[in-house]
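Please look at the sequence and the structure first.

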Amino acid sequence: MKKRQLRKRGLGVLKIVFTCMLIAMFNSAVAQDNKQVVRIAKIEIDPAQVENYKAAVKEIGEASLKNEPGVLMLFSVADKIKPNRVTVMEVYADSAAYEAHRQTVHFKKYKELTKNMVISLELAEVDPIFAGIKPGALNK
């Protein structure tokens with residue numbers, strides 16, 4: 001039973017990540033030369049710090065989308081069973097946009113604020129394979 005729950009939860013995270021990729025790529029239609037940088041971060045947070053971490057993620061997300069034209073999409077989700085496990089999907093226009101993001105004041109503030117909250121961090125750069133979204137799907 002527990003194995004089934006773990007498998008189901010893992011598939012749920014994959015569905016969310018795939019949906020994020022679809023959303024991010026919809027507006028840009030996966031450029032022919034695909035210079036975009038798409039990253040997935042799997043983060044384990046100190047359970048006592050989850051709410052503080054969520055606030056920090058929201059703050060950096062809002063600042064990044066508002067102030068950085070090269071940040072195309074940020075999507076953060078917490079596992080329903082273990083809310084201290086967070087998955088973040090990031091899409092940048094290109095590698096220069098990603099590097100510029102890492103040099104911003106708000107990114108450095110986020111790293112400083114969360115350095116004692118994060119237990120583990122796994123980063124993966126991924127290649128989009130397909131992107132699409134039904135018109136109006138986000139308005140429901």
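## Aromatic rings

Tyr-53, Phe-107 and Tyr-110 are linked into a cluster by ring pairs. Rings of Phe, Tyr and Trp (its six-membered ring) pair if their centres lie within 6.5 Å; planes under 30 degrees apart count as stacked, over 60 as edge-to-face and the rest as tilted. This is a predicted model, in which local features need pLDDT of at least 70 and side-chain atom pairs count only at pLDDT 80 or more, while totals for chains, interfaces and linings use all residues. Residues are numbered from 1 along each chain as its sequence is written, and side-chain values use heavy atoms, with hydrogens and water left out.

There are three aromatic pairs in the structure. One of them joins Tyr-92 and Tyr-98 edge-to-face, with 5.0 Å from centre to centre and 70 degrees between the planes. Phe-107 and Tyr-110 form a tilted pair, at 6.3 Å centre to centre and 40 degrees between the planes. Why are Phe-107 and Tyr-110 separated by about one helical turn? They are three residues apart in helix H4 (residues 105–114), which accounts for that spacing. Helices (H or I, at least four residues) and strands (E, at least two) are DSSP runs, numbered from the N terminus. Phe-107 and Tyr-110 are both buried, and so are Tyr-92 and Tyr-98. Buried means under 20% relative accessible area, exposed over 50%, and partly exposed in between (1.4 Å probe, protein chains only).

## The nonpolar core

The largest nonpolar core has 13 residues, and those touching the most other members are Ile-43, Ile-45, Tyr-53, Val-86, Val-88 and Tyr-110. Such a core is a set of buried Ala, Val, Leu, Ile, Met, Phe, Trp, Tyr and Cys residues joined through side-chain atoms within 4.5 Å. Two or more residues of this core come from each of strand E1 (37–45), helix H2 (50–67), strand E3 (85–92) and H4. Helix H2 gives the most, with five residues.

Which residues does Val-86 contact, leaving aside its neighbours within four places in sequence? They are Ala-41, Lys-42, Ile-43, Ile-45, Tyr-53, Val-77 and Ala-78. Contact means heavy atoms within 4.5 Å. Strand E3 is largely enclosed by the rest of the structure, because seven of its eight residues are buried.

## The sheet

Four strands make an open sheet in the order E2-E3-E1-E4, with antiparallel pairing. At the edges are E2 and strand E4 (118–126), each of which pairs on one side only. On average, neighbouring strands of this sheet are turned by 15 degrees against each other, direction ignored. Two strands pair if DSSP finds at least two bridges between them.

E1 and E3 pair antiparallel over eight bridges, and in E3 the bridge partner of Ile-40 is Met-89. E1 and E4 also pair in the antiparallel sense, over eight bridges, with Ile-43 opposite Leu-121 in E4. Strand E2 (residues 71–78) runs antiparallel to E3 and is joined to E3 by seven bridges; Met-73 stands opposite Val-91 in E3. E2 and E3 form a hairpin, with six residues between them.

## Helices and sheet

Helix H2 lies across E1, E2, E3 and E4, and runs at about 165 degrees to E2. The axes of H2 and H4 come within 10 Å and cross at roughly 175 degrees. H2 and H4 are therefore roughly antiparallel to each other. Axes are lines fitted to C-alpha atoms, for helices over the stretch in contact, and angles run from 0 to 180 degrees between N-to-C directions. Angles under 35 degrees count as roughly parallel, over 145 as roughly antiparallel, 65 to 115 as roughly perpendicular and the rest as oblique.

Among the residues that make the contact are Tyr-53, Ala-56 and Ile-60 of H2 and Phe-107 and Tyr-110 of H4. Lys-58 is also in helix H2. Is Lys-58 buried or exposed? Lys-58 is exposed, with a relative accessible area of 55%. Lys-58 and Leu-74 are 16 residues apart in sequence, and their C-alpha atoms are 9.9 Å apart in space.

## The whole chain

The chain has four helices and four strands. From the N terminus on, its elements run α-β-α-β-β-α-α-β. Of its 140 residues, 34% count as buried. Among contacts with a separation of 6 or more, 74% are between residues 24 or more positions apart.
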